[in-house]
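Subject: Structure for your review

Dear colleague,

Please find the structure below, handed over for your review. A written account of the findings follows it.

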Amino acid sequence: MSPSLYQEVQHFYGRQMRHLDQGEHRAWAETFTEDGVFTANAHPEPQRGREEIEAASRKAGARLAEEGVQTRHWLGMLEVDERPDGSVEARTYALVLRTPKGGPTAVHLSTTCDDVLVRVGGRLQVKHRSVSRDDLQGS
């Protein structure tokens, strides 16, 4: 794994999480391939394709806006491995921070995030994401 690939993946995640936290639902969904899959142990079914991923983001964003909460996603402890086919395995720990309007910031969730990234038009996109909340391990 080259240092430039590691840096590229870090930059990708910075941009992707900023889209999510700023409520840029379409831009967030476009960081996934057209047929991208988002699975999570907190969700009964995976989200398949950009349209479902965008719809879920909009729904969550509306709920947070109604609650008056700002979220920030922080990804760290990044591991990056390039596969022989050119795809990239990226694994991170992810913390979700919540700040209610006028209130203190608190860690809301601790998770792992395992991605398969591919290049589409020269840019990285998520082909498959698996998020596993620590509080639901073994569930």
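Two residues are said to be in contact when they have heavy atoms within 4.5 Å of each other. The structure is a predicted model, in which local features need pLDDT of at least 70 and side-chain atom pairs count only at pLDDT 80 or more, while totals for chains, interfaces and linings use all residues. Residues are numbered from 1 along each chain as its sequence is written, and side-chain values use heavy atoms, with hydrogens and water left out.

Thr 31 lies in the loop between helix H2 (25-29) and strand S1. Helices (H or I, at least four residues) and strands (E, at least two) are DSSP runs, numbered from the N terminus. Leaving aside neighbours within four places in sequence, Thr 31 is in contact with Phe 12, Gln 16, His 19, Gln 125 and Val 126. Its relative accessible area is 6%, so Thr 31 is buried; buried means under 20% relative accessible area, exposed over 50%, and partly exposed in between (1.4 Å probe, protein chains only).

Phe 32 belongs to strand S1 (residues 32-40). This residue counts as buried because its relative accessibility is 0%. Residues up to four places away in sequence not being counted, Phe 32 touches Gln 16, Phe 38, Arg 50, Ile 53, Gln 125, Val 126 and Arg 129. The C-alpha atoms of Phe 32 and Leu 117 are separated by 8.7 Å, although the two residues are 85 apart along the chain.

The sheet

The chain has 3 helices and 6 strands, which run α-α-β-β-α-β-β-β-β from the N terminus on. The 6 strands form an open sheet of mixed pairing, in the order S2-S1-S6-S5-S4-S3. Strand S2 (47-48) and strand S3 (69-82) stand at the edges with a single partner strand each, so one side of each is left without a neighbour in the sheet. Two strands are taken to pair if DSSP finds at least two bridges between them.

Strand S4 (residues 88-100) pairs with S5 in the antiparallel sense over 11 bridges, and Arg 91 has Asp 114 in S5 as its bridge partner. S4 and S5 form a hairpin with 5 residues between them, and Gly 102 in the turn has a positive phi of about 75°. Strand S5 (residues 106-120) is also antiparallel to strand S6 (residues 123-133), the two pairing over 10 bridges. Here Val 116 has His 128 in S6 as its bridge partner. The hairpin of S5 and S6 has 2 residues between the strands, and Gly 121 takes a positive phi near 60°.

The chain as a whole

For 139 residues, a compact globule would have a radius of gyration near 14 Å, and the 15 Å of the chain agrees with this. The radius is taken over C-alpha atoms, and the globule rule is 2.2 Å times the number of residues to the power 0.38. Along the principal axes, the C-alpha atoms fill a box of roughly 45 × 30 × 30 Å. Of the 139 residues, 36% count as buried. Among contacts between residues at least 6 apart in sequence, 49% join residues at least 24 apart.

Yours sincerely
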